[in-house]
Amino acid sequence: MIEKLRGQLVSMKKASSGDEAFKTCVSTMIKYIGNIARAPDEDKFRSINMGNAAFQARVASVPGAVDFFKLLGFQVGAGSSMEGWSGGSWDLQRVPGMEY
């Protein structure tokens with residue numbers, strides 16, 4: 001599992017538009033994951049609106065970032081939901097035209 005996550009991060013870094021974009025993406029992902037780890041029962045932390053401008057600019061703009069979340073156990077399901085990791089579920093608002 002660790003090797004897959006590491007490999008995904010390496011791919012993301014290579015595909016990103018620069019070091020700053022990659023660093024911003026990773027620090028934002030850490031915030032998402034940290035919030036969920038600290039408060040797994042808080043609905044506001046278990047939902048990611050992928051149409052949010054900040055998410056688009058900071059995370060989704062780096063190729064492979066959504067796949068990194070999938071490696072952590074998130075699964076895109078019917079109805080734009082992500083389920084998994086710690087038995088919780090995460091709603092994912094899909095952005096038209098993006099591949100997941």
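Which residues of H2 are buried? Let me start there, with the reminder that we are looking at a predicted model. The buried residues of H2 are Phe22, Cys25, Val26, Thr28, Met29, Ile33, Gly34 and Ile36.

Now, on to the core. The largest nonpolar core contains 20 residues, and those with the most contacts inside it are Met12, Cys25, Met29, Val59, Phe68, Phe69 and Leu72. At least two residues of this core come from each of H1 (2-15), H2, H3 (53-60) and H4 (65-71). The biggest contributor is H2, with 6 residues. As general background, nonpolar side chains in soluble globular proteins tend to be buried together.

Let's zoom in on methionine 12. Setting aside neighbours within four places in sequence, methionine 12 is in contact with Phe22, Cys25 and Met29, and also with Val62, Pro63, Gly64, Ala65 and Phe68.

One of those partners, Val62, deserves a look of its own. Where does valine 62 sit? You'll find it in the loop between H3 and H4. Valine 62 has a relative accessible area of 2%, and because the cut-off for buried is under 20%, it counts as buried. Not counting residues up to four places away in sequence, valine 62 touches Met12, Ser16, Ala21 and Cys25. Finally, have a look at glycine 18: it is 44 residues from valine 62 along the chain, with 9.5 Å separating their C-alpha atoms.

Terms used:
Residues numbered from 1 in each chain as written. Predicted model: local features only at pLDDT ≥ 70, side-chain atom pairs only at ≥ 80, totals over all residues. Heavy atoms only, no water. Buried < 20%, exposed > 50% of the residue type's maximum accessible area, 1.4 Å probe, protein only. Helix = DSSP H or I, 4+ residues; strand = E, 2+ residues; numbered from the N terminus. Core = buried A, V, L, I, M, F, W, Y, C linked by side-chain atoms within 4.5 Å. Contact = heavy atoms within 4.5 Å.
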